[in-house]
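Please walk through the structure shown below, one region at a time.

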Amino acid sequence: MNLPLFKFGYFNDEVSLIVAFIIGIAFGFVLERGGFGSGRQLAAQFYFTDMRVFKVMFTAITFAMIGVFYLSWMGFLDLSLVYISDTYILPQAVGGLILGVGFVVGGYCPGTSGVAIATGKIDAMFYGVGGFFGIFIFGEMFPWIEDFFNSTHMGRITLPEYFGIDYGIVLFLVILMAIAGFTGADWGEKIMAKKKLAKAKES
Amino acid sequence: MFKFKDWFHHHHHDNVREGELTPYHYTNPYLIGLLLGVVLLATFVIMGRGLGASGALSTVVAVGVNAVSPETAKGNDFFLGYLGNGETNPFKNWLVFQVLGVIVGGFISGAIAGRARFIVSKGPRISNNKRFMFAFIGGTLMGFGAKMARGCTSGQGLTGGALLSLGGWAFMMATFAGAYAFAYFMRRQWT
């Protein structure tokens, strides 16, 4: 088997757009079904009352990570043909911080806001307009932030390459981290639920 | 006894949000994570790339700027990057079609579950107008941050995370750090 299919010329650019639309439908359906179309549901992650953002993200990451590893180890998938965007460590960390603050202030991230708008969340529509505005500001400011934006360029680099550890070991560590994270998340939810119950009994 | 039906209609009474009561509850997060993982892996093996979101918004902004003031767009490497070579329509873009799909897929799921209706998602202690203001500010920060990071929770977090990209993991940790650090100041909006 020659994977990725597109890179081996199994279908052309036009067909890839149809594939994009179908994949998008699946992506959006799963996000909404998971509760990611509600800002309050998403924000609950940051108050430890419902950790589904973490659970969903890390289950997905772990599954896809193992799948990619297994398929390339079996010789079905050429991992070098899968696009991994270059690392620019500082702008990515700073951008992540800003986006994180935006997440808890606005209630969504870009993808989830699309699902929220589609299901009629009026607040998400304001968020979407803000998103366009933020990108516009970034574009207008680009000449001044271009140097920082292009700084600390490290190329296409993965955790195993950066730390000089075997891919399989990194995989194993991520799985361990995910399991520890899931256990911690379930535990945190229980504590918050008990707190809520105690508060309700008081009043 | 394990019943698939119970798992899919995950009962989560503690967290059913006020004003967002739904006939069907959200699905178990681990099952959703697994399904999302399948979608992500399928994208890797079919397309040789991952999922995204913010890139499509940039295309819309760049086309908008170009329509209002072509000189501004032509003199700006950032906007120019989303306008293509001028021969093909900038909207004939993989991410644009994927995001259109996300909107359709989200609507289908919401409609099936009886969740597709106009409401404001917020905590009980904040007014609608304040919520709208925070949503706009948060969206602005998100747009700016996603461009600075060269991607968002989908492109850098999910995709970069699963491919073990160094930048993707740095981004993800910074995102959670930023959100948790600021959560205290936003507690009146959500709790």
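In this predicted model, A:Tyr88 sits in strand E1 of chain A, which covers residues 87–88. A:Tyr88 has 23 other C-beta atoms within 10 Å and is therefore buried, the cut-off being 20 or more. Setting aside neighbours within four places in sequence, A:Tyr88 is in contact with A:Asn150, A:Ser151, A:Thr152 and A:His153 in its own chain, and with B:Arg150 and B:Gly167 across in chain B. A separation of 66 residues in sequence lies between A:Tyr88 and A:Met154, yet their C-alpha atoms are 6.0 Å apart in space.

One of the partners of A:Tyr88 is A:Thr152, and A:Thr152 belongs to the loop between H6 and strand E2 (153–155) of chain A. Although A:Thr152 is not a glycine, its phi is positive, at about 45°. Because 13 other C-beta atoms lie within 10 Å of A:Thr152, this residue is classed as partly exposed.

Chain A has another backbone feature to note. The peptide bond that joins A:Leu3 and A:Pro4 is cis, with omega at about 0°. A:Pro4 falls in the segment before helix H1 (13–33) of chain A.

Further along chain A comes helix H8 (residues 167–202), with 36 residues. At 1.5 Å a residue this helix should span 52 Å, and the distance of 52 Å between its end C-alpha atoms agrees with that. The buried residues of H8(A) are A:Val174, A:Ala178, A:Ala185 and A:Glu189. What do these buried residues of H8(A) pack against? Their partner is helix H3 (52–73) of chain A. As background, residues three or four places apart point the same way, because an α-helix has 3.6 residues a turn.

The next topic is the contact between the chains. Chain A puts 111 residues into this contact and chain B puts in 112 residues. On the side of chain A that touches chain B, helix H6 (residues 122–149) of chain A gives the most, with 19 residues. By residue class, that side of chain A divides into 71 nonpolar, 31 polar and nine charged.

One helix pair shows how the two chains meet. Helix H5 (residues 110–118) of chain A packs with helix H6 (residues 94–112) of chain B at an angle of about 50°, and their axes are 8 Å apart. The crossing of H5(A) and H6(B) is right-handed. From H5(A), the residues A:Gly111, A:Gly114, A:Val115 and A:Ala118 meet B:Val99, B:Val102, B:Ile103, B:Gly106, B:Phe107 and B:Gly110 in H6(B). The residues of this contact divide into six nonpolar, four polar and no charged.

Chain B itself holds ten helices and zero strands. Of its 191 residues, 54% count as buried. Among the contacts in chain B with a separation of 6 or more, 48% are between residues 24 or more positions apart.

Helix H7 (residues 128–148) of chain B has 21 residues, which should span 30 Å at 1.5 Å a residue; the end C-alpha atoms are 30 Å apart, in agreement. Is H7(B) largely enclosed or largely open? Of its 21 residues, 15 are buried, so H7(B) is largely enclosed by the rest of the structure. Just after H7(B) comes B:Arg150, with a positive phi of about 65°; B:Arg150 is also one of the residues in contact with A:Tyr88.

Helix H8 (residues 153–162) of chain B packs with helix H9 (residues 166–183) of chain B at an angle of about 120°, with a distance of 8 Å between their axes. That angle makes H8(B) oblique to H9(B). The crossing of H8(B) and H9(B) is left-handed. Residues of H8(B) including B:Thr153, B:Gln156 and B:Gly157 meet residues of H9(B), among them B:Gly167, B:Trp169 and B:Phe171. The residues of this contact divide into three nonpolar, nine polar and no charged.

The loop between H8 and H9 of chain B contains B:Leu164. B:Leu164 is not a glycine, but its phi is positive, at about 60°. With 23 C-beta neighbours inside 10 Å, B:Leu164 counts as buried.

Note on methods
Residues numbered from 1 in each chain as written. Chains lettered and ligands numbered in written order. Predicted model: local features only at pLDDT ≥ 70, side-chain atom pairs only at ≥ 80, totals over all residues. Helix = DSSP H or I, 4+ residues; strand = E, 2+ residues; numbered from the N terminus. Buried ≥ 20, exposed ≤ 12 C-beta atoms within 10 Å, placed from the backbone. Contact = placed C-beta atoms within 7 Å. Nonpolar A, V, L, I, M, F, W, Y, C, P; charged D, E, K, R; others polar. Expected span 1.5 Å × (residues − 1). Axes fitted to C-alpha atoms, helices over the stretch in contact; angles between N-to-C directions. Left-handed = near helix turned anticlockwise from the far one by under 90°. Parallel < 35°, antiparallel > 145°, perpendicular 65-115°, else oblique.
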